[in-house]
Amino acid sequence: MGRHRVFFTAFALGALLRLVAMLGYGPAMWFNDSYEYVSVALHPRPSAVRPDGYSFWLMLLRPFHSFSLVVFTQHLMGLAAGVLIYALLRRKFGLPKWGATLAAVPVLFDAYQIQLEQMVMSDTMFTLLVVGVITLVLWHRRMSWKVGAVVGFLLALTALTRSIGLPILGLVVVYMLIKRTGWKPIVAMVTACAIPVVAYMTWFYTAFGKFAMTNSDGLILYMRVSIFADCKKMDLELPRELPLAFMCIEEPVSKRIGYAQWYLWGTGSGNGNGGGEVLHRLPGKVKFDDFKNEVASEFAKRAILAQPGDYLGVVARDFMRAFTWGRPRFPDAKTYNMYQFQPYYDLDANGKPKRLPQWATVGGRADTDAFIYEQGPAETRIVQPWAGIMSTYQKVFYLQGVMLGGILLIGLAGVVVRWRNLGGPVLLPWLGAFGLILAPAATAEFDYRYLLPAVPLACIAAAITLRRGIKVRRRSALTPTSASASEPTTART
């Protein structure tokens, strides 16, 4: 421990901040998606909206009837991600102790990271799994089939936690092919990933009659295009394509609400064109059924092909939101406030703290499901002075978007200067970070919590880049023992 005093100090301070958050906002904080996770944990079933990986974790912890325990494990996950970053950079890439610690600082100290850990949400688990995969792949340059199988299993857990985890498998396979790790670890990895994923998809088939992981990908893509899609430009063939015509939003693009989530989750504008009202034009009472998902998917693809410039414009705009200074109130104030440590209660019309919502769930309601899981009140209890401490801390200590952009540019420079080695070890974490930021902008919409899993990967890529500086070597200076050829090293202790 004495040899790693700098990191241990940072780790201890990060743990202290998480303790303060638990004291100030117990037993847990809530987001709109939280209640579906709890519902699935109480009434096991494949969810039509998102994979059940996080709900499986809630099931394992259910006998303890404690959301405090849930968020405690998530705080441990956040700290564990910091440990993995430090260990990888220190032991395999020879960074100085302060440098490896600095790369872990955003995970350990970012107030929004800590706040997300305090919520009943899947993102912290997803972040740890992604960091774990990247750490294992970079740690083992000569990977055995056993390590490949472990990586594959972690990738399966990643995909079952969030759908975007599955494309990471493709990224890792491509990287391993570039690095010529051999066919055995690749086959072992793909097999170990496929078995749990196929098992889950089979379970999904028994419930929905469709071999898939969700019934929401098409609807979410429809949400993405809804703010610019113009049916007049799509040349729909009626009556053959009447279902697609039902998805048209009649409001002019200039008068539509400026964020896409409204057109899937909104309650409507009263004229049949707003919120999720368009989806009710199609048969069926359930929003996330296979037919609606397929029609929405086809509509979205047609809109993209008919208006590629508009699509690229909204993707670019949402992608760039990640790199602003400060945190604008997007998509709306209500969603923005869910990511805040607020030192006061949100009051109802009678001046009393608001209770959990009474939305209908399978087998119950959102508030009663939470009560059953907790075996008691599950509303967030704001306790001073701890709540005030975290609220004040959050106003200052978080990674600004401009800083994240700078970190990504450093990693990109590391990829470029290692072009002869196809980016070297910088390539995998940098592409992972870039993809995790781009994917939501391309398929759904920008959301602040989607940024956080990308941050540790961007930090890893930047740290490896800066290990020996960004310096383009002359051709004559390149030798078999140059940095690009032998990037991973073992640090001296």
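These legends accompany an overall view and several close-up views of a predicted model.

Local features need pLDDT of at least 70, side-chain atom pairs count only at pLDDT 80 or more, and totals for chains, interfaces and linings use all residues. Residues are numbered from 1 along each chain as its sequence is written, and side-chain values use heavy atoms, with hydrogens and water left out.

**View 1**
Helices (H or I, at least four residues) and strands (E, at least two) are DSSP runs, numbered from the N terminus. The C-alpha atoms fill a box of roughly 70 × 55 × 45 Å along the principal axes. The radius of gyration is 23 Å, which agrees with the value near 23 Å for a compact globule of 493 residues. That radius is taken over C-alpha atoms, and the globule rule is 2.2 Å times the number of residues to the power 0.38. Contact means heavy atoms within 4.5 Å. Among contacts between residues at least 6 apart in sequence, 75% join residues at least 24 apart.

**View 2. Surface and charge of the protein chain.**
The protein chain exposes about 22,100 Å², and carbon and sulfur atoms supply 65% of it. Accessible areas come from the Shrake-Rupley method with a 1.4 Å probe; for residues, only the protein chains shown count as cover. Buried residues make up 54% of the 493 residues. Buried means under 20% relative accessible area, exposed over 50%, and partly exposed in between (1.4 Å probe, protein chains only). The side chains include 51 positive and 30 negative ones, and the centres of the two sets lie 16 Å apart. Lys and Arg count as positive, Asp and Glu as negative; His and the chain ends are not counted. Each charge is placed at NZ of Lys, CZ of Arg, CG of Asp or CD of Glu.

**View 3. The disulfide of Cys231 and Cys248.**
The structure holds one disulfide, defined as a pair of cysteine sulfur atoms within 2.5 Å. Cys231 is joined to Cys248, S to S 1.8 Å. The link is left-handed, with -105° about the S-S bond. Cys231 lies in the loop between helix 11 (217-225) and helix 12 (242-246), and Cys248 in the loop between helix 12 and helix 13 (262-265), so the pair ties together parts that are 17 residues apart in sequence. Cys231 is partly exposed at 21% relative accessibility. Cys248 is buried at 12%.

**View 4. Two further cysteines, Cys193 and Cys459.**
Cys193 has 2% relative accessibility and so counts as buried. Cys459 has 6% and is buried.

**View 5. Helix 2 (residues 34-42) under cover.**
Eight of the nine residues of helix 2 are buried. They are Ser34, Tyr35, Tyr37, Val38, Ser39, Val40, Ala41 and Leu42. Their cover includes helix 3 (53-61), helix 4 (67-92), strand 2 (360-361) and helix 17 (366-374).

**View 6. Ser144 in the loop between helix 7 and helix 8.**
Helix 7 spans 123-139 and helix 8 spans 145-161. Ser144 counts as partly exposed because its relative accessibility is 33%. Thr181 is 37 residues from Ser144 in sequence and 8.6 Å from Ser144 in space, C-alpha to C-alpha.

**View 7. Ile410 in helix 19 (residues 401-417).**
At 27% relative accessibility, Ile410 is partly exposed. Ala10 and Ile410 are 400 residues apart in sequence; their C-alpha atoms are 24 Å apart in space.
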